[in-house]
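Here's a quick tour for anyone meeting this structure for the first time. Have a look at it first, then read on.

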Amino acid sequence: MSADSRSFSRNWSRLNLSLAPIVALIAILCASIFIFAKTYAAQGKRRHSVTPSPRPPDWDKLTQEATDLLSNYIRINTTDPPGDELPAAKMLREKFLADGIPATIWESSPGRAILAARLRGVGRHTKSIILLSHMDVVPANPKEWQVPPFSGTVKNGEIWGRGALDDKGPAVVELMAMLAIKRMGVLLDRDILFLATAGEEVGGAAGAGWVLEHKPDLYSDAGYLLNEGGGILVQKSGKLYTVSVSEKTPLWLRLTATGPAGHAAVPPAETAVTRLIAALDRLDTFRTPIRVINPVRDYFHSLAMLGDAPDQFSDLAVALRKDPAFARNFVAVPGQNAQVRDTITPTVLHGSDKTNAIPSSAYAEVDCRLLPGTDKKEFLATIHKVIADKSIKVDVLLNFPPASSPQKSLLMNAIRIVAQRFDKAPAVPRLLDGFTDSHYFREKGIVAYGFIPLEVTPAEMHEVHGINERIAVKNLKGGIQRMVDLLEIIGGREGQ
Ligand SMILES: [Zn+2]
């Protein structure tokens, strides 16, 4: 050891002595920063931890509870009309209250109920997320079903009954996910608002429409919404998460024709009935133009990427324009045709009540569905032109402004994370050809997506509003697990 190094050693020792308190302080600071960073990262990653730390749920027990709940829910007949959702709303309220989640019921008219339940989060400045569903169901004819449609029968691992898929099953997924989060002791940084409405199947005026008009405080802090309209499409080639960001707009019309009344034994050249039939015939042969909007282009592109579809799907707009044979086959499939054009569908017909009497008026109702971007006024002008009979009156029965949600958002990111995590599947925005209550909320600027993480095969889609509607218990369980994960992501910081 050299003299220089010895003296350096001594100096270093002295320095050490004098620096000792500072070094200790730095060490404490570093440790604190490390602990803080670790805690922050953990919170940021999944959730705000509270003491005691989150307890994972007993999924089997929770699934049994969800099965019983759905079975009971189906047993409450909420066929619309008349709906009579109040008993269903009361049952759901009890379920929330039993777990200490405040829930309120309003009646928009006697027997027509709306239920809201709010699971509070800790964020003061974050926007809440609405989990929307409707309590009413479409009619079911017991003669056509394998089991009574309002029995809630559980057999062979499936829960049967009207509403199992539309929309009581999805409501149970939403509700049980909220209970699971509460029971796990997870505090999210935004509120979750469960909202079950009346009258969706007949346009939503008694439910979502009423809430929007009469309870603005309820949704004024809402930024996001999940509703029916999309899910996990299961195909041979794999799974696809479909998220409806937009819907076609209904334009329901009544065409009224008039003419001389009289005895059918001496008919004039033209009557109200013959004029009406001629007008409907002209509408029937009329073809609206083909138009591919962005979510439709993206959706079919995703199907092509999955490898379960014709190559032309990868660029649908070009293929429809340049490949006439493909275009013919494409629009021959009603579900595809409705994605790329406005549709005009006569449904109601009314003329005389007596075979031998010519009525002075006859009417038809026509269900038109417009793509986003179609101008209502221009469309109506086209209808008049095609009918080409000024004596026929055209009245609008139902219409509302078109509204879409952005394809990119925090909520879409969260859905994409869940899709990857659970199924290694893509999530893709799409256009819904029907309409749901989502449009009410989109009009208020809320990012509303049709997406409930339940699996559905193309065959099962026919059970919605059809016969033998049912859901697998396993599917219900997977739906709740994915919904819990999705809410944890959107309610934490992950994916932002
Ligand atoms: Zn529905």
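Aspartate 166 and glutamate 228 are both buried, where buried means under 20% relative accessible area, exposed over 50% and partly exposed in between, using a 1.4 Å probe and protein chains only. This is a predicted model, so local features need pLDDT of at least 70 and side-chain atom pairs count only at pLDDT 80 or more, while totals for chains, interfaces and linings use all residues. Residues are numbered from 1 along each chain as its sequence is written, and side-chain values use heavy atoms, with hydrogens and water left out.

Aspartate 166 sits in the loop between β5 (158–160) and α4 (168–184), and glutamate 228 in the loop between β7 (222–227) and β8 (232–235), so the pair ties together parts 62 residues apart in sequence. Those helices (H or I, at least four residues) and strands (E, at least two) are DSSP runs, numbered from the N terminus.

A search of the whole structure turns up 11 aromatic pairs. Rings of Phe, Tyr and Trp (its six-membered ring) pair if their centres lie within 6.5 Å; planes under 30 degrees apart are stacked, over 60 edge-to-face, and the rest tilted. One of the pairs is tyrosine 299 with phenylalanine 300, edge-to-face at 5.3 Å centre to centre and 80 degrees between the planes. Phenylalanine 326 and phenylalanine 330 make a tilted pair, 5.7 Å centre to centre with 40 degrees between the planes.

Phenylalanine 326 and phenylalanine 330 both lie in helix α10 (residues 324–332), 4 residues apart, or about one turn of the helix. Both of these phenylalanines are buried. Tyr299, Phe300, Phe313, Phe326 and Phe330 form one aromatic cluster.

## Charges over rings

Lysine 155 has its charged end over the ring of tryptophan 160, 4.9 Å from the centre. Arginine 254 lies over the face of tyrosine 363, at 4.5 Å from the ring centre. To count, NZ of Lys or CZ of Arg must be within 6 Å of the ring centre and within 35 degrees of the ring normal.
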